[in-house]
Amino acid sequence: AVRMLDLKSHQILTWLEYFYVVVLLSFLTQGPVLKIWEASGYIDAGIISNTKFSTYLIVQIPALLLLFRRGIPASLLKGPVGVLLAFCAWMFISTFWSTFSSHSLVESFTLTVTCLAGLYIARSFTLLQQLTLFLVAMQPGLVVSWYAVRNNWSGAVNFDENYWIGIYFNRNSLAPPAALGFLAALALAWVLIVRRPKYWAVFLCVLLDVMLLDLGLLIRSKSSTSIGAMSVFVFVWGFWTSVRWLHRRKVVISKSKMLEVVYPSFVLGVTIITWFGFRYQQRLLAIFGGNLDFTGRTLLWRYSWVGFSGKPIFGWGWMSAWQTPEFFSFAQFKGWLPLINMHWSHSGVMDVLLGGGLIGAGLLVLAIFWSGARQLERVFTQTAGQWTFAATWFVIAASTQESFIVGNHFLWLLLVASMAGSRNETIEV
């Protein structure tokens with residue numbers, strides 16, 4: 001009886017933890033938190049910014065406590081995870097030479113907290129569990145957004161350009177949860193088709209319904225950023241699926257060949273594709289009839305590059321450049337006119353270069369490439385092992401266009417969790 005009671009208690013705690021993770025991920029899409037405090041923000045915008053910060057922090061505290069309780073193996077700390085934490089530490093240290101120290105202190109703190117929350121996800125759940133949790137967590141905000149559009153909530157639709165925003169206050173904030181929800185459902189559908197468990201057809205129908213909802217919201221948001229990132233995801237998934245196919249056809253690819261030839265070829269190919277989309281977005285959008293106003297960001301990126309050239313080694317301090325007059329004065333000295341009412345670079349890549357210089361960027365790049373090399377075997381041993389690489393490059397591609405490498409955001413958490421991996425599954429292929 002005592003054993004049965006312990007088992008039941010364990011199951012209850014497990015489901016409570018699942019529920020907590022769904023709330024955590026849902027809140028870090030930011031839309032639900034912004035909507036909760038929207039009315040109060042009209043009364044006192046200054047106080048409400050602290051309230052939002054506290055909300056994000058409070059929802060992540062249990063993840064940090066559970067991570068510290070379970071610990072991080074020394075093998076991970078001596079590998080890419082250690083480098084990733086060094087990246088966060090470097091951004092925290094940048095506070096000492098930052099041109100806006102108080103801002104860098106807060107931003108680097110949140111960057112580290114969300115990084116640790118991502119490590120908690122990686123350490124606590126299998127890949128299948130992670131896919132399910134990401135899928136479920138994206139849906140509350142998306143369903144409410146659909147309801148908001150259908151019932152004409154204020155700000156849910158941009159009627160001038162006819163795109164949907166929902167509860168996310170920006171179409172490029174609505175699109176990433178919709179894209180991730182669709183991709184997670186797609187990966188789970190892959191798992192169902194490969195494994196074919198009991199009632200798999202029923203579950204597949206449910207996933208198809210979810211995919212239709214999420215894809216519909218993504219399309220109606222008219223967000224080029226997420227569409228481009230999904231294209232990179234599909235390329236990466238297809239590449240590693242081909243490698244899996246060769247492996248299952250008894251085409252022997254030794255571990256040394258994987259590290260010396262296959263993985264470097266993959267990194268080179270996906271980097272070129274990501275850079276090509278980033279560099280020639282204007283022409284691509286013109287071909288597909290996209291909104292060319294989006295390309296105004298190229299001015300921000302060029303401005304950021306000029307600023308980076310002023311402090312290329314150490315950077316301006318994490319997320320401080322666009323907040324300080326010194327940055328604009330330097331760019332103006334280089335012949336650039338000041339940009340009015342602009343406070344960010346609209347690119348996580350530029351944020352890293354500006355905030356931490358070549359040292360910070362080098363640490364992050366090393367962590368990304370090293371983590372991929374450490375997880376090559378997962379492509380063969382996990383049913384949806386392609387997810388690790390596809391999700392990583394989905395976030396990287398999206399971060400070329402938006403500031404997603406930042407604390408309190410689910411895409412930074414997703415990047416960390418993908419790089420850190422997952423618990424081993426009991427069922428493997």
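Which residue forms a salt bridge with Lys 311? I found Glu 326, with the closest N and O atoms 3.8 Å apart. The pair links distant parts of the chain: Lys 311 sits in the loop between helix 14 (297-310) and helix 15 (325-333), Glu 326 in helix 15, 15 residues apart. My cut-off for a salt bridge is a side-chain nitrogen of Lys or Arg within 4 Å of a carboxyl oxygen of Asp or Glu. For helices I use DSSP runs of H or I with at least four residues, for strands runs of E with at least two, numbered from the N terminus.

A note on the source: this is a predicted model, where local features need pLDDT of at least 70 and side-chain atom pairs count only at pLDDT 80 or more, while totals for chains, interfaces and linings use all residues. Residues are numbered from 1 along each chain as its sequence is written, and side-chain values use heavy atoms, with hydrogens and water left out.

Next I checked accessibility, calling a residue buried under 20% relative accessible area, exposed over 50% and partly exposed in between (1.4 Å probe, protein chains only). Lys 311 is partly exposed at 27%, and Glu 326 is partly exposed at 42%.

How many salt bridges does the rule give? The count comes to 3. One of them joins Glu 17 and Arg 70, whose closest N and O atoms are 2.8 Å apart. Glu 17 belongs to helix 1 (residues 2-28) and Arg 70 to helix 4 (residues 45-70), so this pair ties together parts 53 residues apart in sequence. Glu 17 counts as buried because its relative accessibility is 15%; Arg 70, at 33%, is partly exposed. I also noted Glu 38 with Lys 35, at 3.0 Å from N to O.

Phe 92, Leu 105, Val 106 and Phe 109 make a nonpolar patch of about 320 Å². I build patches from residues with over 30% relative accessible area and no salt bridge, joining like charges within 9 Å and nonpolar side chains (Val, Leu, Ile, Met, Phe, Trp, Tyr) within 5 Å. Helix 7 (residues 101-124) gives the most to the patch, with 3 residues. Val 106 lies in helix 7 and is partly exposed at 39%.

Last, the totals. I counted 19 helices and 2 strands in the protein chain. Buried residues make up 50% of its 429 residues. The chain exposes about 20,500 Å², with carbon and sulfur atoms supplying 68% of that; the areas come from the Shrake-Rupley method with a 1.4 Å probe, and for residues only the protein chains shown count as cover.
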